[in-house]
Amino acid sequence: MAEKEPIGVIGVGWVGLVTAACFAELGHEVWARDIVEEKIESLSRREVPIHEPGLPELVTRNEARLHFTTDMAETLAHARLLFVCVDTPPTYSGDADLSRVEAVLGELGDSSDHAVVMKSTVPVGTGRSIQRRRPGTGYVSNPEFLKEGSAVEDFMHPDRVVIGAEDASEQFADRVQALYDPLDAPVVRTDVPSAEMIKLASNAFLATKISFINEIANVSEELGADVTEVARGMGLDERIGPRFLQAGIGYGGSCFPKDVQALKQLAGNTGYHFQLLTSVIEVNELQKRRTIGKLQKHLGSLAGKQVALLGVAFKPNTDDIREATSLVLSGRLAGEGASVRVYDPVAARRADGLLAGAQIAESALDALDGADAAVLVTEWPEFRELDWAGAVKERMRTPLVVDGRNFLDRASLVAAGFTYEGIGR
Ligand code: UDX
């Protein structure tokens with residue numbers, strides 16, 4: 001068997017750690033390098049700092065092949081393919097902040113043996129500009145499409161692998177492609193700007209799908225249709241497909257809001273006004289706030305009312321709260337004079353101090369105690385398992401539920417005497 005190529009991972013955040021652990025699982029020696037010493041120390045003790053199913057097991061199982069380090073020289077000495085996985089957060093203008101990418105490039109030197117393999121999401125055009133500044137070194141674009149909560153599964157069973165490279169870097173791209181051979185996924189070999197655009201356009205399209213179904217939901221509420229039925233009927237059309245048609249209280253997370261904004265901004269920088277994405281963003285912002293109106297419809301003024309928020313994370317199976325709807329809602333509720341108690345099985349501790357004075361409850365029942373309304377923000381399975389007809393109903397002051405994800409069993413809640421407000425039904 002040919003020897004497996006050792007690889008470097010620069011930036012051991014969520015994407016970097018998943019990438020490192022999965023390549024180690026595929027049999028590669030991996031040097032995973034980060035500048036944050038405490039992070040490297042705890043990873044060296046095999047402590048995984050994020051909630052991601054299957055990841056701790058991978059890190060432990062591949063202990064011998066995973067080398068966590070702060071030392072760039074050590075990484076460069078062992079690995080030729082350097083997967084750059086640093087953050088590219090949005091700036092105030094909506095452009096991506098590339099300062100961490102730049103810092104890494106500054107440390108890499110100009111050896112023609114090494115190639116940057118860009119996993120971080122960067123603006124279209126970034127790769128070519130880096131190549132112009134670093135002639136003679138390799139550059140490959142290899143965007144990630146991992147979903148939080150199923151990242152390990154997504155890495156091992158990708159819908160596609162996208163690899164962008166040009167000219168002399170093609171030989172590095174061949175080596176990157178070989179890494180993915182065991183995964184048996186379709187590979188899209190293309191130029192660098194197209195690879196960069198595939199990433200942004202995919203996320204923008206999925207966000208568009210969500211904002212679209214959310215608007216169908218809002219209109220359905222007025223016209224007597226049920227959006228879950230509508231989505232079921234639409235989704236059977238193969239051209240549409242059933243996924244990402246769940247109406248709710250808006251998309252969040254570290255990717256969709258940032259990438260949609262970045263693509264809109266990138267277009268704007270060229271003088272093109274991306275009308276559709278402008279609306280996608282606006283619809284999402286309004287969607288997060290519509291819950292307030294639903295509560296007011298039943299409770300009148302929210303001043304002095306107690307509201308339980310079930311879920312803080314931007315979606316289940318993660319403790320990530322970036323751009324989570326819970327943050328917007330708690331702020332709006334506080335602004336209306338309501339007192340808010342939140343519960344999340346894993347993410348609440350991350351939100352401490354970010355929830356506009358909301359109290360963090362120890363359990364869902366604790367959050368619901370004395371509440372005038374419950375708002376389901378994140379579809380954690382345990383919220384469906386609650387004894388709504390019994391323990392919950394006894395504790396709540398008013399049996400009102402706003403189900404922000406159409407997740408709870410509406411019929412049994414109504415039968416138990418709850419007032420139920422879903423999204424688009
Ligand atoms: C997303 C992309 O799916 C992934 O390919 C990319 O690499 C990173 O961004 P992630 O942010 O982990 O992944 O979350 P995802 O599962 O895609 O959900 C994003 C948001 O959309 C969540 O807030 C979710 O609640 C919302 N959503 C999703 C809906 O409101 N309705 C849907 O039908 C699907």
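Me: From which domains does the lining of the second largest pocket draw at least three residues each?
Reply: In this predicted model, where local features need pLDDT of at least 70 and side-chain atom pairs 80 or more, while totals for chains, interfaces and linings use all residues, they are domain 1 (7-190) and domain 2 (208-421). The domain bounds come from an automatic or database assignment. A pocket is an open set of points on a 1 Å grid where a 1.4 Å probe fits, with protein on both sides within 12 Å along at least five of seven lines, and a lining residue has an atom within 4 Å of a point.

Me: Which helix gives the most to that lining?
Reply: Helix 12 (275-299) does, with 4 residues. Helix 1 and helix 11 (256-269) also supply at least two residues each. A helix is a DSSP run of H or I of at least four residues, and a strand a run of E of at least two.

Me: What lines the largest pocket?
Reply: Its lining has 48 residues, with Lys147, Leu206, Phe244, Phe256 and Lys315 nearest the centre. Helix 9 contributes the largest share, 6 residues. This lining, too, draws at least three residues from each of domain 1 and domain 2.

Me: What makes Glu148 and Arg322 a salt bridge?
Reply: A salt bridge requires a side-chain nitrogen of Lys or Arg within 4 Å of a carboxyl oxygen of Asp or Glu. The N to O distance here is 3.9 Å, so the pair meets the definition. Glu148 lies in the loop between strand 6 and helix 7, and Arg322 in the loop between strand 9 and helix 13, so the bridge ties together parts 174 residues apart in sequence.

Me: Why is Glu148 called buried?
Reply: Buried means under 20% relative accessible area, exposed over 50%, and partly exposed in between (1.4 Å probe, protein chains only). Glu148 has 9%, and therefore counts as buried, whereas Arg322, at 40%, is partly exposed.

Me: How do you know that Asp319 and Arg349 form a salt bridge?
Reply: Their side chains meet at 3.5 Å, N to O, which is within the limit. The pair links the loop between strand 9 and helix 13 with helix 14, 30 residues apart. Asp319 is buried at 4%, and Arg349 is exposed at 60%.

Me: How are residues numbered, and which atoms do side-chain values use?
Reply: Numbering starts from 1 along each chain as its sequence is written, and side-chain values use heavy atoms, with hydrogens and water left out.
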